[in-house]
Amino acid sequence: MRVITGKYKGRHFEVPRTFKARPTTDFAKENLFNVLNGYLDWSEGPVALDLFSGTGSITLELLSRGCSRVISVEKDPLHHRFIKSFVEQLGDTAALPLRADVFQFLNRCREQFDFIFADPPYQLENIEDLPDLVLSRSLLREGGLFVLEHGKAQDFSSHPAFVDHRAYGSVNFSFFSLSSPA
């Protein structure tokens, strides 16, 4: 796992082979962040939430680009420990890795975010309900952006908050916002 750009550019973290997570490919991640540059102002230190964090690759990239706070939520204890270990290696106090069930976290969370990313298992039951679940909780600040990574089988283009879709091989990203980002 490598960091594409920002203050940790070029850093590598070896993901244990025992991981069950399907990390976002470097190609898809790089293209996603190129698109995000048009939606987010990194110089303003956006506050981000990384759901179903897996390897923590997205968390790491968000920290590197200057997010003032990144909460990463991962249920698997091995994956959570891995994320926690690289955050400790970096000494980055902007990161808060939580070992928690995403759905329980969403029910309890009262914080608002400029950017929310979710990379659930593609076979997750009711994956199509995630945009409504996230957007109905008032977790996204006005003008904020929610990005859902998913497989080819889902199409969110008819969702009222849908703003964009990008596909990179078998990796799909759907973008949602409650209002137009500035």
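Strand E2 (residues 69–74) is largely enclosed by the rest of the structure, because five of its six residues are buried. Buried here means under 20% relative accessible area, exposed over 50%, and partly exposed in between (1.4 Å probe, protein chains only). Strands (E, at least two residues) and helices (H or I, at least four) are DSSP runs, numbered from the N terminus.

This is a predicted model: local features need pLDDT of at least 70, side-chain atom pairs count only at pLDDT 80 or more, and totals for chains, interfaces and linings use all residues. Residues are numbered from 1 along each chain as its sequence is written, and side-chain values use heavy atoms, leaving out hydrogens and water.

## Pairing and crossovers

E2 pairs with strand E1 (residues 47–51) in the parallel sense, over five bridges. Two strands count as paired if DSSP finds at least two bridges between them. Ile71 of E2 is the bridge partner of Leu49. From E1, the chain crosses through helix H2 (residues 57–65) to E2, and this β-α-β crossover is right-handed. That term applies if, with the strands pointing away from the viewer, the path from the first strand over the helix to the second runs clockwise.

E2 also runs parallel to strand E3 (residues 95–99), and five bridges join them. Here Val73 has Leu98 in E3 as its bridge partner.

## Ala118 in strand E4

Ala118 lies in strand E4 (residues 113–118). Its relative accessible area is 0%, so Ala118 is buried. Contact means heavy atoms within 4.5 Å. Not counting residues up to four places away in sequence, Ala118 touches Leu51, Phe52, Phe146, Val147, Leu148 and Glu149.

Thr18 is 100 residues from Ala118 in sequence. In space, the two are 22 Å apart, C-alpha to C-alpha.

## Asp164 in strand E6

Asp164 sits in strand E6 (residues 162–168). With a relative accessible area of 14%, Asp164 is buried. Leaving aside neighbours within four places in sequence, Asp164 is in contact with Val35, Tyr39, Phe173, Ser174 and Phe175.

The Asp164 side chain makes polar contacts with the side chains of Tyr39 (3.4 Å) and Arg166 (3.1 Å). A polar contact is a pair of N or O atoms within 3.5 Å; within protein, one must be able to donate a hydrogen and the other to accept it, and residues adjacent in sequence count only if both atoms are side-chain atoms.
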